[in-house]
Amino acid sequence: MHHTHTHKRIPSREHHDWNIVERIAIVDNQEPLVAVPNESRLKQEPIYFKNQVPHAINLCAARASVIEKLREATTQLPEHLGIVVLDAWRSREVQQALQDQIGDVIKQTYPHLSADEQKAMLKQFVAPVGPDFVSPHLTGGSVDVTLFDLNTGAYLDMGSDFDEPTDKSFTTAYENQPEHVAHANRRTLYHAMLSVGFTNITSEWWHYDYGNQLWAHYSGRDYAVYGAAEQL
Ligand SMILES: C[C@@H](N)C(=O)N[C@H](C)C(=O)O
Ligand SMILES: [Zn+2]
């Protein structure tokens, strides 16, 4: 199949409000969680386990349709690129650990901000966690991904570190800098993922959703098809 690699603009969107997202209905279709395969163009490298985040497991798993969509997305990429999944299904304990860890980074990086401003920033980079809230990664419908070069295995330069709590992580941050490699690399990832039905959150170039409440919100669906999933 022939693919054109012209990169369209990444549209600017309004950042979601978690209070609106959490009110979206969920009709769980009970699709099972499946391990992300290690294939030539799709692989997993569980980053939170590697970084010793408390409770993190050495496996990335997602709902069955999410795995299929990731495979399909790889076929939309230039032929020398693949997708690496850094994290997918997550337990509440891991979600809480990320809140704590990235919350600390924000406090250290932005000591001049008030506690409320720091909290607001944390909400942009880590979903809330709580007994009545379905954090998106709990569903097995969210994936944190990046691109890698099939020949070298190297991750592509996306212009910010994964989980870096700065403006540079916003998906459109390089839209006005065509000279930066991240400009094209982000577009390549974005359009491959969107073309197979994922949605992206505005604040993170690496985070994509399918089936959960965030996906319903960003795709204009009336309801989500994935609620919180049980551990494998
Ligand atoms: C923590 C980061 N990798 C991430 O997944 N953020 C989103 C907003 C989330 O926590 O669901
Ligand atoms: Zn994520």
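Colleague: Which residues are exposed on H5?
Modeller: Asp 116, Lys 119 and Ala 120. Bear in mind that this is a predicted model.

Colleague: And which ones are buried in that helix?
Modeller: H5 covers residues 115-125, and Met 121, Leu 122 and Phe 125 are buried there. Looking down the axis of H5, the buried residues fall within an arc of 105°, so they line one face of the helix. The exposed residues Asp 116, Lys 119 and Ala 120 are on the other side.

Colleague: What do the buried residues of H5 pack against?
Modeller: Helix H4, residues 92-109.

Colleague: Take Leu 70. What does that one touch?
Modeller: Leu 42, Ile 83, Val 85 and Val 143, not counting residues up to four places away in sequence.

Colleague: Now the annotations. Where does UniProt put the active site?
Modeller: At Glu 204, according to an unreviewed entry. Glu 204 lies in the loop between strand S7 (199-200) and strand S8 (207-209).

Colleague: Is Glu 204 buried or exposed?
Modeller: Buried, because 20 other C-beta atoms lie within 10 Å, and 20 or more is the cut-off for buried.

Colleague: What is Glu 204 in contact with?
Modeller: Phe 125, Ser 169 and Thr 171, leaving aside neighbours within four places in sequence.

Colleague: Which residues carry the binding site feature?
Modeller: UniProt's unreviewed entry places it at His 137, Asp 144 and His 207. They span 71 residues in sequence, yet no two of their C-alpha atoms are more than 9.8 Å apart, so they gather at one spot.

Colleague: Start with His 137. Where is it, and what is it in contact with?
Modeller: His 137 sits in the loop between H5 and S6. His 137 is buried, with 29 other C-beta atoms within 10 Å. Its contacts are Asp 87, Trp 89, Arg 90, Gln 95 and Ser 142, leaving aside neighbours within four places in sequence.

Colleague: And where does His 207 lie?
Modeller: In strand S8. His 207 counts as buried, with 26 C-beta neighbours inside 10 Å. With neighbours within four places in sequence left aside, His 207 is in contact with Ser 142, Asp 144, Asn 200 and Ile 201.

Colleague: Which residues come nearest to ligand 1?
Modeller: Of the 13 around ligand 1, those are Leu 98, Val 126, Ala 127, Pro 136 and Asp 144. The shell divides into 6 nonpolar, 4 polar and 3 charged residues.

Notes
Residues numbered from 1 in each chain as written. Chains lettered and ligands numbered in written order. Predicted model: local features only at pLDDT ≥ 70, side-chain atom pairs only at ≥ 80, totals over all residues. Contact = placed C-beta atoms within 7 Å. Buried ≥ 20, exposed ≤ 12 C-beta atoms within 10 Å, placed from the backbone. Helix = DSSP H or I, 4+ residues; strand = E, 2+ residues; numbered from the N terminus. Arc of directions from axis to C-beta. UniProt positions renumbered as here; feature names shortened; annotations may be inferred. Near = placed C-beta within 6 Å. Nonpolar A, V, L, I, M, F, W, Y, C, P; charged D, E, K, R; others polar.
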